[in-house]
Amino acid sequence: MARLQPVDPNVDFPALEREVLRFWKDGRVFERSLEERRGAPPWVFYEGPPTANGRPGIHHVESRTFKDLHPRYRTMTGHFVARKAGWDCHGLPVELEVEKEIGTKTKRDIEAFGIAEFNRRCRESVTRYVGDWEAMTERLGFWIDLSEAYRTMDPEYVESVWWSLKELHLQGLLFEADKSVAYCPRCGTALSDHEVALGYTTVTDPSVFVELPITEAAHNPKLVGTESSLLIWTTTPWTLIANLGAAVSPTETYVRAELDGRSYVLANRLARTVLGETAALRDTMNGATLVGARYQPPYPTEEGDVYRVVAGDFVSMDEGTGIVHIAPGFGPEDLEVGRREGWPTYRPIDDDGRFTDETPVGFVRGLFVKDADPKIIADLESRDLLLKAETYEHTYPLCWRCDTPLLYMARTSWYIRTTARKERLLEVNESVNWYPEHIKHGRYGDWLENNVDWALSRER
């Protein structure tokens, strides 16, 4: 077996590398490798274009090494591998960089500054460090055609995107709908499912157990006679302003429990965890018999067939009380239940995440929703509707660009119906040779299995 030889200390590696690069350049080695393979079986390489509004870093060296390795290998195995460079000129990272320069903080500030001038600065920003990127690419020995690089802001490229959207429309895959989306109130736009996944972090939120006094219970009249309350749990007290219903699991057992002279209804499996060992568990009932019961909401805002218990197969017994408060203007399950029950999509907050004058709850008007939490908790306590308030550490998505907590809101957005191609996507994934192999049925496979329609709208 050959033994590794020690590195010759007399070799000037930077000088040697410069000679290799000069040899490739003077001999047009990259260009000739393409010319000699023209007409051969293609091996397709798409350059995921970088954004040149920032200087390249060591992580870009790593990614470009992989992008160089595979096309070279495939060329050596007799394939034609076109390698066209590109520059990504769109997206909020570019806008955020310009915002830092001009000192704007919100979407309204940009509008006041002037959209045309803001866009001009963005166009200027995305080409600021092209020279640095080209120098790094050449120094690395990355074989890619920089002479005719495409730019996503060029009209020809933009037209190709419109063509793609037209094709999706012709296939019936482009649609507009009201859905609950993850929305960043600072950036003023919804985020895609993929973008949301980039921003999960551990946060501490308020955790409140709130009483909803039962006013009518046809299948369990004793609950009214004992002045019982549904016990709900939430880590977003601000959504209680828009509460229109409560959901239970129709297949679970619920219990009426007494503690300190008060009567609560909650899931039997969670009663001891929430109320402790001193609570007296009295009457049990099936969740289905609670459906239709009515209650007094914490903040009455709507009239009609609202403020009642409904069935929900999404109700979890892992935490909380087994009774979920429903605000159709916030949260995907909430919106689905609201549509099923014919409830309005009540969403009394503006695009900045502040409560509007639409809400009759005066003390929250004008407040950012998270800032309203302490006031709502204090108000519930003053009206004797708060069993307890704690803090809860959990993972929650922040905007991956600005670290603002995302708000799940019902908004009108454009979508690509990717769910209509789910089976085909899963089928094609089976034919892909993944490296490392566990990605196939792991991270990527799980993503395909749980595919949701792509939220396409960006409201910048």
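Biologist: At what angle do α4 and α6 pack?

Modeller: This is a predicted model, in which local features need pLDDT of at least 70, side-chain atom pairs count only at pLDDT 80 or more, and totals for chains, interfaces and linings use all residues. Helices (H or I, at least four residues) and strands (E, at least two) are DSSP runs numbered from the N terminus. Axes are lines fitted to C-alpha atoms, for helices over the stretch in contact, with angles running from 0 to 180 degrees between N-to-C directions. The α4 and α6 axes are 9 Å apart, and the packing angle is about 115 degrees.

Biologist: Which word describes how α4 and α6 lie to each other?

Modeller: Angles under 35 degrees count as roughly parallel, over 145 as roughly antiparallel, 65 to 115 as roughly perpendicular and the rest as oblique. With an angle of about 115 degrees, α4 and α6 are therefore roughly perpendicular.

Biologist: Which residues of α4 are buried?

Modeller: Buried means under 20% relative accessible area, exposed over 50%, and partly exposed in between (1.4 Å probe, protein chains only). The buried residues of α4 pack against α5 (107–113), α6 (115–125) and β4 (189–191). Within α4 (residues 92–102) they are L92, V94, E95, L96, V98 and E99.

Biologist: Turning to α3 and α7, which residues of α7 make their contact?

Modeller: The axes of α3 (residues 58–76) and α7 (residues 130–140) come within 11 Å and cross at roughly 55 degrees, so the two helices are oblique. On the α3 side, the contact is made by H60, V61, R64 and T65. Across from them, the α7 residues are W133, M136, T137 and L140.

Biologist: T404 is in a loop, between β14 and β15. Is T404 buried or exposed?

Modeller: Residues are numbered from 1 along each chain as its sequence is written, and side-chain values use heavy atoms, with hydrogens and water left out. Leaving aside neighbours within four places in sequence, T404 is in contact with C184, P185, R186, L398 and C399. Its relative accessibility is 14%, so T404 counts as buried.

Biologist: How far apart are the ring centres of F175 and Y415?

Modeller: Rings of Phe, Tyr and Trp (its six-membered ring) pair if their centres lie within 6.5 Å; planes under 30 degrees apart count as stacked, over 60 as edge-to-face and the rest as tilted. F175 and Y415 have planes at 20 degrees, so the pair is stacked, with a centre distance of 5.5 Å.

Conventions:
Contact = heavy atoms within 4.5 Å.
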